[in-house]
Amino acid sequence: MNMDEPKRRPRIGEMIVYRVFGGEYRACRITEVCDDVKNGWPGFDGMTPEGMSVWGYDDQIVDDPRIREVMIA
C-alpha cells in the first residue's frame, strides 16, 4: 500500500470494488467512511451483496472500469 498518495474517498451508499489482501476482488456498498479505519489509515466499512460486513483501506479501491463492470453487474 502506498499511503503517501491521496486517493479518492468513497461515498456512503456507493458500490465499490476493492482488492483484498489475498489478491481477489470484492464488491461492497459503503456504509461508513473513516479517517482512521485501522492503524491510522483512511478507509471504509461496507456490506457485500451477500450480506457480509467488510472493511478496507481507501487505497485498496479499484478504479479500473473494466473490473468494476464485471464485479458490479
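**Strands, cysteines and a buried aspartate**

In this predicted model, strands S2 (residues 25–38) and S3 (residues 41–47) run antiparallel and are joined by six bridges.

Q: Which residue in S3 stands opposite isoleucine 30?
A: Strands S2 and S3 run antiparallel. Isoleucine 30 faces a residue in S3, and that residue is glycine 46.

Q: Which strands stand at the edges of the sheet?
A: Four strands form an open, antiparallel sheet in the order S1-S2-S3-S4. Each edge strand has a single partner, so one side of it is left without a neighbour in the sheet. The edge strands are S1 (15–19) and S4.

Q: How many disulfides does the structure hold?
A: A disulfide needs two cysteine sulfur atoms within 2.5 Å. The cysteine sulfur nearest to that of cysteine 28 belongs to cysteine 34, 11 Å away. Cysteine 34 is in no disulfide either. The number of disulfides is zero.

Q: Is cysteine 34 buried or exposed?
A: Buried means under 20% relative accessible area. Cysteine 34 has a value of 11%, so cysteine 34 is buried.

Q: Which side chain does the side chain of aspartate 58 join in a polar contact of 2.4 Å?
A: Aspartate 58 lies in the loop between strand S4 (53–57) and helix H1 (65–71). Its relative accessible area is 3%, so aspartate 58 counts as buried. The partner side chain in the 2.4 Å polar contact is that of arginine 9.

Conventions. Residues numbered from 1 in each chain as written. Predicted model: local features only at pLDDT ≥ 70, side-chain atom pairs only at ≥ 80, totals over all residues. Heavy atoms only, no water. Helix = DSSP H or I, 4+ residues; strand = E, 2+ residues; numbered from the N terminus. Buried < 20%, exposed > 50% of the residue type's maximum accessible area, 1.4 Å probe, protein only. Polar contact = N/O pair within 3.5 Å; in protein donor to acceptor, adjacent residues only side chain to side chain. Pairing = 2+ DSSP bridges.
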